[in-house]
Every structure is written in structure tokens, then in C-alpha cells.
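Please look through the chain shown below, and then follow the paragraphs after it from the overall build to single residues.

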Amino acid sequence: MRTMRLTAGLSFLGMLYLPACGGGGGRPPATYTISGKMAGLTAGGLVLANGSDTVSPAPNATSFSFSMRLTSGTAYDVVIKSQPTGLTCQIRDGSGTVGSADITSISISCPSPWVWKGGPNVPNAPGVYGTKGVAAAGNVPGPRQGAVTWTDAAGNVWLFGGHDVSAAALENGNAPARNDLWTFNPSNGLWTWVSGADTSNQPGVYGTEGTAAPANVPGARAYAVSWTDTSGNFWLFGGLGPGAADAFLNDLWKFNPGSGLWTWVSGSNSANASSVYGTQGVPAAGDVPGSRAGADAWIDPQGNLWLFGGESPDLEQAAAYPILWGNDLWKFAPSTGLWTWISGSDTDSAGTYGTKGTAAAGNIPGARSFAAAWNDGAGNFWLFGGFYPTRQMGDGVLLYADLWKFTPSTGLWTWVSGSDVIDAPGVYGTEGTPASGNMPGARADASTWVDHSGNLLLFGGLGLGQNPDLAPGAYSDLWSYSPSSGQWTWVSGADTGSATTVSPVYGTLGVAALGNTPGSRDSAASWIDASGNLWLFGGELVNGTEIGTTSNSLNDLWEFNRQ
């Protein structure tokens with residue numbers, strides 16, 4: 001009897017339990033947390049929001065997590081509701097849909113201000129060469145713009161050439177060019193003069209084409225282009241050489257940082273050589289891009305070197321301003337030593353925009369020079385802005401504000417964003433907040449980086465200035481473009497455009513402080529270090545009032561922490 005009662009009791013309890021275990025409502029669905037990592041949060045006041053759920057990380061926090069858990073299939077969109085005091089934080093990978101695991105991929109970075117890291121805090125200060133091959137605390141390259149840089153496998157930065165446009169440096173009205181080669185070691189902050197002359201306007205020593213030799217050295221130049229190949233060799237093409245007449249170059253050089261030797265690879269050993277196009281798409285021994293400056297360059301995953309556009313001399317002097325602008329695209333294969341003309345021409349050709357966001361065989365950017373360029377690491381080439389062809393001196397300054405992408409695997413151009421109208425102003429939006437309507441204003445000669453997340457960064461450059469009919473001004477703004485979201489973010493700097501000159505604010509050497517800024521400048525050398533910090537060296541200060549009387553050359557060194 002006791003057994004029967006116990007069995008009956010258990011059955012009754014089981015009937016009561018069944019609805020809770022799935023007979024009616026089932027188990028509650030699994031939920032997941034929304035969290036991420038943080039860097040650079042040195043102040044309070046940051047509020048993050050995901051819908052109605054908010055979290056306020058404490059200063060120096062390295063992570064965050066929302067209290068509300070979400071079910072699979074639920075959308076999340078983390079935004080910055082309030083910025084911390086004195087900082088502008090940014091979100092990466094902040095939106096998506098919850099799957100079957102916690103979301104931990106969101107990152108919040110609060111970049112510290114610019115830091116003046118070295119070099120004089122006044123324009124037009126002389127360089128200090130020291131002893132060739134010996135690093136020293138007092139060494140610093142002289143003031144310059146239009147230099148090129150490379151980064152070696154050890155993280156050291158190499159800087160070559162450029163010219164000085166300050167009034168004190170002008171020689172018979174012409175800016176002297178350099179052919180000195182320097183290295184900078186970010187770990188100890190020291191410069192080393194490696195090779196080249198400590199005087200300006202030196203001619204090149206070409207030696208035998210294709211043969212490395214200790215005496216070989218490229219001649220003085222500015223506004224060349226550079227690549228680093230998959231073997232760690234540095235490449236240099238063209239640029240503007242010294243002299244009263246425009247001395248455009250088309251020589252191609254290779255430098256081996258291990259041996260310290262230069263090799264003249266191809267092109268002419270004299271100035272103002274014309275292009276030899278040959279048959280489009282077919283490599284040939286005689287084909288070569290003509291002399292030019294202000295071109296853009298990329299390297300593809302196969303190690304081929306690519307070259308686009310730039311300014312070249314109008315040898316027929318067909319206009320009051322004897323310069324031609326190109327939109328020709330070339331490829332050089334180091335394995336064969338041959339150039340291939342891919343598309344475009346060097347004769348002021350107009351672009352074909354097509355439909356924004358759509359790649360098409362007929363699309364091509366218009367002829368231009370001094371555009372900003374990036375290689376996104378996924379094999380795509382990117383291009384923004386640049387000078388629009390100006391055939392008469394009275395035409396004023398004309399600038400592009402368009403963003404393009406070229407995909408080597410398909411051979412197609414895509415007009416991605418920005419304006420197809422010349423001299424379009426910027427749309428800044430809210431500092432630190434990406435938006436589909438944001439875009440930098442029309443400019444040329446900006447400095448660029450690609451960060452470790454694949455974002456394209458843009459700083460400064462020449463704009464329209466206070467008197468666009470006479471001379472350009474310069475920007476002091478920093479921008480970031482996300483290829484994944486297709487949105488620009490105004491990161492820092494003035495939103496007043498290039499018409500309002502911003503002077504550098506140096507603060508204390510080596511100390512980050514609110515208000516520090518490199519100021520309005522163009523043609524500065526730039527690189528990114530292994531930690532993802534942005535570096536900027538030299539460039540030109542322009543106030544945008546008159547031609548030829550207001551330029552100052554710089555040789556200061558700056559760092560911007562993106563972590």
C-alpha cells in the first residue's frame with residue numbers, strides 16, 4: 001500500500017513538472033552577452049548604448065559588457081551616447097546580428113592627442129646630418145616635403161629625398177631637391193643618415209642598368225613614388241628633379257636595405273622622357289611610363305608594382321601652364337623587368353564615373369596628380385582627390401573630392417563615394433562618429449596610412465584656401481574610411497576646411513596633451529608602426545593667401561596613437 005501511494009505521488013508530481021520541462025512552454029532560449037575591448041580611455045564620462053541598455057566604463061578600462069543579454073537572431077548596434085572628457089572615442093565592428101555565441105569583437109578606441117616626438121618646433125630649421133651611418137640623438141633630416149618612405153622588416157622607417165620650398169632655401173627662385181637617405185628607429189627615436197649627399201641638387205650616379213654598385217645613387221628629387229616588394233627591397237620611380245626648368249624623371253630604382261646598394265632598373269637617365277605605351281595590356285621591353293611627379297603607386301599580392309597618373313611636362317608647350325595630367329595605369333613585373341600599359345593616357349583625359357558603387361569596364365578616374373592612395377591589404381587599390389587639370393594659370397586651383405577603388409583581379413574601377421563635382425567642400429558630421437553623408441573636402445598632397453584593421457586614414461593636404469584664385473590653403477583634419485561599412489569618420493582636427501590656417505601647437509616634447517596639433521600642412525611623409533600608431537614628418541605650411549611668399553618647410557616629427 002505504501003508503494004502504491006508513493007508511485008501515485010510520484011506520478012502526480014511528474015504531471016505537475018511536465019509543463020515546466022517542455023510540455024507547454026519549453027526551456028527559455030539561450031542568451032548571449034554583448035561586450036568588447038577598449039583602448040586609450042584615460043578619462044571618465046564615456047557612455048555606450050545598445051538600444052535602451054547603457055554602460056559607463058571607468059577610466060583606464062580595457063573592456064566593457066552590457067548587462068542585457070540577447071537571443072540568437074537579435075540585431076545589436078552599439079553607439080557612443082556620450083564622449084569622455086577631452087577625448088573622442090570611436091567604435092569598430094559595433095553592429096551586427098547575434099549568432100550562437102557571445103559577441104566579443106566590438107572595439108572602442110579613444111585616441112590620445114597628437115604628440116610632438118622630435119625635430120624643431122619652428123619652420124625652416126636646418127637639418128643635422130651627423131656622421132654617415134651613425135645614429136645620434138641630435139640627428140634630424142632637414143626641412144622638406146614630397147619625400148618618400150619605406151618600412152623594413154624590423155620596423156625601421158627609411159626616408160629619401162624631397163625638397164625645401166622655404167624662401168631662405170630657394171636657389172634662383174627654385175626649391176632645392178635632396179637625395180639623402182635616412183633611417184628612423186621608432187624604438188629609440190634616433191635618426192641615421194645612411195647615404196646620399198648632405199647638399200642639395202645632386203645628380204644621380206646611374207652606373208650600369210640592372211647592376212647594383214656601391215657608387216650608384218638616385219639623383220635629387222621630390223614627389224617620387226615608392227613601393228616595398230615581397231622580398232623587402234625598396235623601389236623608387238620618377239619625381240621632380242632640380243633645375244630652373246621642370247625636370248621630370250621616369251627612372252626606376254631598387255634599393256636592397258641588407259646590402260645598402262642601389263640598382264638602376266629601367267627608365268631614362270635624363271629628364272623629361274616621353275611615355276612609350278606599346279600595345280595595351282601587353283608587356284614589352286621598350287614600353288615605359290613617361291617622366292612624371294605626383295603619381296600614385298600600389299603593390300599587388302603577386303608583387304607587381306602599379307603606377308597611376310601624375311603630372312608630366314608638356315614638351316610641345318601647348319598651354320600657358322606647360323603641364324599634362326595623366327590617368328594612365330601601368331604595371332611593372334619585377335620577375336620579368338617589363339612594364340605593361342593597362343589603361344588611360346597622359347593627356348588630361350576626363351574620367352567616367354559610371355554608377356556610384358558599381359564596378360564597370362568603362363569606369364576610370366579623371367586625369368590627376370598628387371591624389372591620396374592606399375593599398376587595403378585585400379588586394380584593392382584606393383584613390384582619393386588630387387589636382388584636376390589646369391591648363392591656364394588663371395584657372396585657379398581645381399581639386400577632386402572623389403574616392404575610387406581598383407581591383408587588379410578584375411581590372412575594374414569603382415567610384416565608391418565622394419563628389420563628381422570639382423572643389424566639393426567636406427561634410428564633417430560629428431567628430432568620432434561615422435556616417436554615410438560624411439566626406440573629406442577636395443584636396444591634394446594629403447598624407448595617408450592603412451591601420452591594422454584595414455581602415456584608410458587621411459590627414460591634411462592642400463585645399464582651396466582663402467583666395468582660391470591665387471593659391472591653395474591646407475587642412476589640419478584627420479579622417480578614417482572603413483571599406484567594410486563604406487563610411488568616413490572625422491577623427492580629429494579643425495572642421496573649418498583649408499580656408500582657415502591652423503598653426504602647429506607643439507606642447508611639451510614627448511607629452512600628449514589636448515590641443516596639440518601638427519597644424520595645416522601638406523606633402524608630409526607618413527608611416528604606421530607595428531603598434532598601429534601614425535607618424536608624420538615634415539611637410540609644408542601654407543596660409544593660402546598669395547603664391548610664392550607664404551610657404552614654410554618643416555622637419556618636425558609627430559605621433560598619433562590609434563590604439
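Among contacts in this chain (heavy atoms within 4.5 Å) between residues at least 6 apart in sequence, 56% join residues that are at least 24 apart. The model is a predicted one, in which local features need pLDDT of at least 70 and side-chain atom pairs count only at pLDDT 80 or more, while totals for chains, interfaces and linings use all residues. Residues are numbered from 1 along each chain as its sequence is written, and side-chain values use heavy atoms, with hydrogens and water left out.

The chain contains one helix and 36 strands, where helices (H or I, at least four residues) and strands (E, at least two) are DSSP runs numbered from the N terminus. Of its 563 residues, 51% count as buried, a term that stands for under 20% relative accessible area, with exposed meaning over 50% and partly exposed in between (1.4 Å probe, protein chains only). The accessible surface of the chain comes to about 22900 Å², and 54% of that belongs to carbon and sulfur atoms; such areas come from the Shrake-Rupley method with a 1.4 Å probe, and for residues only the protein chains shown count as cover.

We turn next to the interior. A nonpolar core is a set of buried Ala, Val, Leu, Ile, Met, Phe, Trp, Tyr and Cys residues joined through side-chain atoms within 4.5 Å. The largest such core has 34 residues, of which Trp374, Phe384, Phe387, Leu403, Leu458 and Trp488 touch the most other members. Strands that each supply at least two residues of this core include β24 (372-375), β25 (381-387), β26 (399-407), β29 (456-459) and β33 (487-492). A second, separate core of 20 residues includes Tyr32, Ala43, Leu46 and Val55.

Strand β8 is joined by three bridges to β10 (residues 103-109), and the two run antiparallel; here Gln90 stands opposite Ser109 in β10.

Which residues are in contact with Asn455, leaving aside its neighbours within four places in sequence? They are Arg92, Trp449, Val450, Ser480, Tyr481, Ser482, Pro483 and Arg562. Asn455 is found in the loop between β28 (447-450) and β29, and is buried, with a relative accessible area of 8%. Asn455 and Pro483 are 28 residues apart in sequence, yet 6.6 Å apart in space, C-alpha to C-alpha.

A search of the whole structure finds nine salt bridges, each a side-chain nitrogen of Lys or Arg within 4 Å of a carboxyl oxygen of Asp or Glu. In one of them, the side chains of Arg221 and Asp251 meet at 2.7 Å, N to O. Because Arg221 lies in the loop between β15 (190-195) and β16 (225-228) and Asp251 in strand β18 (residues 247-256), this pair ties together parts that are 30 residues apart in sequence. Arg221 counts as buried at 1% relative accessibility, and Asp251 at 0%.

Another salt bridge joins Asp477 to Arg443, the closest N and O atoms being 2.8 Å apart. Asp477 lies in the loop between β31 (473-474) and β32 and Arg443 in the loop between β27 (412-419) and β28, so the pair ties together parts that are 34 residues apart in sequence. Asp477 is buried at 0% relative accessibility, and Arg443 is buried with a relative accessible area of 1%.

Technical notes. Pairing = 2+ DSSP bridges.
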